[in-house]
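Here is a friendly walk through the structure shown below. Have the sequence and the 3D view at hand as you read.

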Protein chains: 2
Amino acid sequence: MKKNKDKGLGIDAEKDEFGDRYTQILLKAELIDYSPVSGCYILRPRAYAMWEKVQDYFNRLIKKDGVKNVYFPLFIPESLLNKEKEHVKGFSPEVAWVTHAGNSELKEKLAIRPTSETIMYSAFSKWIRSWRDLPLRLNQWANVVRWEFKHPLPLLRSREFLWQEGHSVFALQNEADEEVYKIREFYEDVFKNVYAVPVIKGRKTEKEKFAGAEYTLSIEVFLPSGKAVQGATTHNLGQNFSKSFDITFLGKNEKKSYPFQTSWGLSTRSIGIAIMVHSDNKGLVLSPRIAETQIVIVPIFTEENKKEMLGAAEEIKSKLNNYSVEIDTSDKTPGFKFNDSELKGIPIRIEIGKKDLDKNEVTIFRRDTLKREGVKIGNLADTIRKLIDDIHNNLYNKAEKFLEDNTIFANDITKLKKSISEKKLALTEWCGDEKCEEHIKSETGGAKIICINEELKPKKNCVYCKKKAKYVVYVAKSY
Amino acid sequence: MKKNKDKGLGIDAEKDEFGDRYTQILLKAELIDYSPVSGCYILRPRAYAMWEKVQDYFNRLIKKDGVKNVYFPLFIPESLLNKEKEHVKGFSPEVAWVTHAGNSELKEKLAIRPTSETIMYSAFSKWIRSWRDLPLRLNQWANVVRWEFKHPLPLLRSREFLWQEGHSVFALQNEADEEVYKIREFYEDVFKNVYAVPVIKGRKTEKEKFAGAEYTLSIEVFLPSGKAVQGATTHNLGQNFSKSFDITFLGKNEKKSYPFQTSWGLSTRSIGIAIMVHSDNKGLVLSPRIAETQIVIVPIFTEENKKEMLGAAEEIKSKLNNYSVEIDTSDKTPGFKFNDSELKGIPIRIEIGKKDLDKNEVTIFRRDTLKREGVKIGNLADTIRKLIDDIHNNLYNKAEKFLEDNTIFANDITKLKKSISEKKLALTEWCGDEKCEEHIKSETGGAKIICINEELKPKKNCVYCKKKAKYVVYVAKSY
């Protein structure tokens, strides 16, 4: 670490200063910068490129499934936001309000969308007339603003963030149920196959569900810091909004009914999660599937052989045109270049030295394992092709092992408290009573029921009140 | 028209009620809907899909050229917006201001970005240190808000719109000059090859240039209504902003200098322009390169042969999997389906009748020419491939002919006034004096110098003051 520090490269924070290390990585790897508005961050090219890859992947999943992209206005009149009473209660404390335009005061103040249910559903009530108009399944990629007063953290908790929000309307309740499970599979797919991040799936408690939903499903990720974080959510809104917004359809039976709705979102927070999961003390670690630059070629040259070595680097790059490849042509030392590419999380580094080159060899360095290997240039394309998947899978498997090793079944309050203090993810049993949920939180110094595991059946009693348990739940501290 | 009207399809406006017809097309073709906030519109799937195609195309152009995508915050503190004095003068009358978050009043009010020069350049001043950091060329796809108090018109003049804004920084003045011309070529490429819209290229007058720029280049489009509209702009900002934002770089000569900057933008207004250029009294007309659905298959069936005909439609669709194809399976009449596909601007319709099918034939209908043609199914794929380009080129050529036919050289004020009253695009000569520019406007009942033609050299005198002309300029009424 000291060596890195001297060069102003690498990450200074100790392993346990997790949040500090995370912020340092974001800044030093040029992913994020601060803006003059507290809690609002700049997504620099390396971060935004990750988001574009997620957009491409997720767009393919939903478009193939029949979802259409749209764009609704940023502004929501106050009166519209107030239409669903649970919803407004949940969001209004964090709403940014536009009150003036130019020098004029607006007649009605406008909310910057914290989420778009209300503005979208006022249009849906015009568009939906009969069963022929259903299902309606729309999605938008947009910025949203939630003016949180808690301590902000880039990507994880920011006042403006980018996300997609999907909104669908169905004739039948079971179609809405199917939708929220299906979309959650899509989210798991993104985390697994793009970010190389294993997830926990569950259902939110009544206390933690989306404001205005019947129930909320979620993807949660357990981080090396010992905290969980919500990765994405899908909400079954039932008929709550269709009733508030007077969305009705004439069924095949000629009867007018309220349809069933869902909404679902994945945000740039997911980028922060992937970074937290994989990064180490040398900096960023990324799957080649999400990294903007997959391969950096570092030619090692002297004043004399610079031209030859840069030529060799170009030739090697030309063999790898299925990948995004950069050549570090700068006059910095190889050591500096190596540290820099490790800090920036470039998954594969190809080092070209004169002696190796004379033997038709190069050295491949893997960012995930920090291991070097000599490879014949003739075998390079094959090796890289294999490596792209290997690195992705290794990162996923490592994170999955961490998750398994750190999940503890805690069937009494003492064990639960101990697990939480040891920064574990606890599985425990719960009666379903909100009072016990609050007690769990206070007893553990702030850990929450992050979600209900819907696959496991409870066998014992509530970890707090000892009455018959209804649910198996995950408990952890969380962001 | 009457027939269409009876069915609630088609467009009611007479040919000269251009704005009405345009708005009707947007609403009836389900491209746009109103929102509860005046001047803010919903981009429905058919409109948003067009924007996605433009994004794909333009992203390819700029990424290949080395531009990187980013995302900067929506909010700009008032003090930052005020830093460049021409800039703030131009934009502050239209700024939407956030003054409150939740129940708290903000210490400093925040502008919703009308454009992002100020927020970006405050970051650039941190990022740029030496010539090695240049050129810096960034782009973002974002929403912006300009609270215009003029009559709004969907896509053409809306208070929130989507755009890309590119921002680049160079060591040398001539690099900035090259950038604004190069990017304008990219914009012309988009208009020509995606929208099938011919453009006029020019330089804005001092009066009309971007607030804070040295000069502005633009793409202008002359519409069938006889009005011109600005399609896209590139601004050479010189050192105006680098001086206001204290952006400096250490040159190879170890001397500190202010770099030269550009900014450039293309917005969803371009969708409105393409619609205005091509549409007719039956509704929307689009190039197959921009249409969400390129081909609609309409099987014509009775109760008895419905299954057979739908099967035939599916089989035909399977031969066309390079295109986006829809089958109209509804039980509506063929006439209704035909009108509907014409209203929605689907470029190619394949009609399948039982008798034709028995002869291994289908009928192809072209939306651009409204012509029908029988085609052997064996030749269908070839015919369609050719048609996709033919339709695009035909639309472009037709619009280009309109532009040529309606461009009039008006070398005296009487002819200029007559040209404008006849809804022509006038080319005339101008001395460069802002007073004459204003006189031209008042004499013609509101026509503006829309841009300076940089290719033509003036031969005569200013159309108004009769002094020696400096510029050949385009004059037209405009949106």
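Predicted model: local features only at pLDDT ≥ 70, side-chain atom pairs only at ≥ 80, totals over all residues.

## Cis prolines in a loop

Pro135(A) sits in the loop between helix 6 (117–127) and strand 7 (136–145) of chain A. Helices and strands here are DSSP runs numbered from the N terminus, with helices being H or I of at least four residues and strands being E of at least two. The peptide bond between Leu134(A) and Pro135(A) is cis, with omega about -5 degrees.

Residues are numbered from 1 along each chain as its sequence is written, chains are lettered from A and ligands numbered from 1 in the order in which they are written, and side-chain values use heavy atoms, with hydrogens and water left out.

## Positive phi values

Most residues other than glycine have a negative phi, and most peptide bonds are trans. Asn360(A), which is not a glycine, has a positive phi of about 55 degrees; look for it in the loop between helix 12 (354–358) and strand 18 (361–366) of chain A.

Lys466(B) also has a positive phi, near 70 degrees, and belongs to the loop between strand 22 (448–453) and strand 23 (471–478) of chain B. Its relative accessibility of 48% makes Lys466(B) partly exposed (buried is under 20% relative accessible area, exposed over 50%, partly exposed in between, with a 1.4 Å probe and protein chains only).

## Where the chains meet

How many residues of chain B are in contact with chain A? There are 55, and they touch 55 residues of chain A, where contact means heavy atoms within 4.5 Å. The two chains bury about 4,300 Å² between them, 64% of it on carbon and sulfur atoms; this buried area is the accessible area (1.4 Å probe) that two parts lose on being put together, summed over both. Tyr71(B), Phe75(B) and Trp127(B) supply 14% of what chain B buries against chain A, more than any other three residues.

The rule finds six salt bridges across this interface, each a side-chain nitrogen of Lys or Arg within 4 Å of a carboxyl oxygen of Asp or Glu. Glu292(B) and Lys68(A) form a salt bridge, with their closest N and O atoms 3.0 Å apart. Strand 5 (residues 96–101) of chain B gives the most to the side touching chain A, with six residues. Five bridges join strand 5 of chain A to strand 5 of chain B, and the two run antiparallel (strands pair if DSSP finds at least two bridges between them). Val98(A) stands opposite Val98(B) there.

## Inside chain B

In helix 9 (residues 269–278) of chain B, 10 of the 10 residues are buried, so the helix is largely enclosed by the rest of the structure. Among them are Arg269(B), Met276(B) and His278(B).

Ser168(B), in strand 8 (residues 160–170) of chain B, is buried at 0% relative accessibility. Its side chain makes polar contacts with those of Glu179(B) at 2.9 Å and Thr262(B) at 2.6 Å. A polar contact is a pair of N or O atoms within 3.5 Å; within protein, one must be able to donate a hydrogen and the other to accept it, and residues adjacent in sequence count only if both atoms are side-chain atoms.
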